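Q: Hi! I'm new to reading protein models. Could you walk me through one?

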Amino acid sequence: MRSRRQVLSFLLGAASSPACFTGSTAQTYPSHPIRLIVPFPPGGVNDTVARPWAEKMRNRLGTIVIENVGGAGGAVGAAAAARSNPDGYTLLLTPEGTLLVTPIASKRPLYDWNSFEPIAILVKSAVGFVVHPSAPFRTLKDAASFAKSKPGAV
């Protein structure tokens, strides 16, 4: 027969064993593939950023599945990302215009830009305004004045 001290030692040792805990233990991220939504068709600017980035991050993050979800100027893909589980396994690679301008310019936005949390800037780009030499304006201010003076012409 075992002594009381031996039984208590056994129970205390068993209770402190990690196998006895019923709560979940912390997992390392990521524990499964990451979905990277590019809200434009394959081969575009965003896709040419996404693919090399995913390749470069494979050593740190494992498998990254790129999903091109084009449509409505990026709104369809952004809406898909907004509806996904906010667990860090669905990422959206998009220019800020898709998140800010598209919902503001739409009568019935497919998503709220507050649905997203920015985590990185991968690319900075410049936007240019160019006109044909025969255009009756040379500056953005002149173009706006021209458009206002001749509704429907621009």
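This is a predicted model: local features need pLDDT of at least 70, side-chain atom pairs count only at pLDDT 80 or more; totals for chains, interfaces and linings use all residues.

Q: Thanks! How many aromatic pairs does the structure hold?
A: There are three aromatic pairs. One of them joins Y29 and Y89, with 5.0 Å from centre to centre and 55° between the planes, and that makes a tilted pair.

Q: Where do Y29 and Y89 lie?
A: Both are in loops. Y29 belongs to the loop between helix 1 (4-15) and strand 1 (34-38), while Y89 belongs to the loop between helix 3 (75-83) and strand 3 (90-92), so their pair ties together parts 60 residues apart in sequence.

Q: And is Y89 buried or exposed?
A: Y89 is buried, at 11% relative accessible area.

Q: OK, what kind of pair do Y111 and F116 form?
A: That one is edge-to-face: the centres are 5.9 Å apart and the planes make an angle of 80°. Y111 is buried, with 8% relative accessible area, and F116 is buried too, with 18%.

Q: Switching to the surface: which residues form the nonpolar patch?
A: L100, V101 and W113 make up that patch, and together they have about 290 Å² of accessible area.

Q: Where is V101 found?
A: V101 sits in helix 4, which covers residues 96-105.

Q: Why does V101 count as exposed?
A: Its relative accessibility is 52%, and exposed means over 50%.

Key: Residues are numbered from 1 along each chain as its sequence is written. Side-chain values use heavy atoms; hydrogens and water are left out. Patches are made of residues with over 30% relative accessible area and no salt bridge: like charges are joined within 9 Å, nonpolar side chains (Val, Leu, Ile, Met, Phe, Trp, Tyr) within 5 Å. Accessible areas come from the Shrake-Rupley method with a 1.4 Å probe; for residues, only the protein chains shown count as cover. A salt bridge is a side-chain nitrogen of Lys or Arg within 4 Å of a carboxyl oxygen of Asp or Glu. Helices (H or I, at least four residues) and strands (E, at least two) are DSSP runs, numbered from the N terminus. Buried means under 20% relative accessible area, exposed over 50%, partly exposed in between (1.4 Å probe, protein chains only). Rings of Phe, Tyr and Trp (its six-membered ring) pair if their centres lie within 6.5 Å; planes under 30 degrees apart count as stacked, over 60 as edge-to-face and the rest as tilted.
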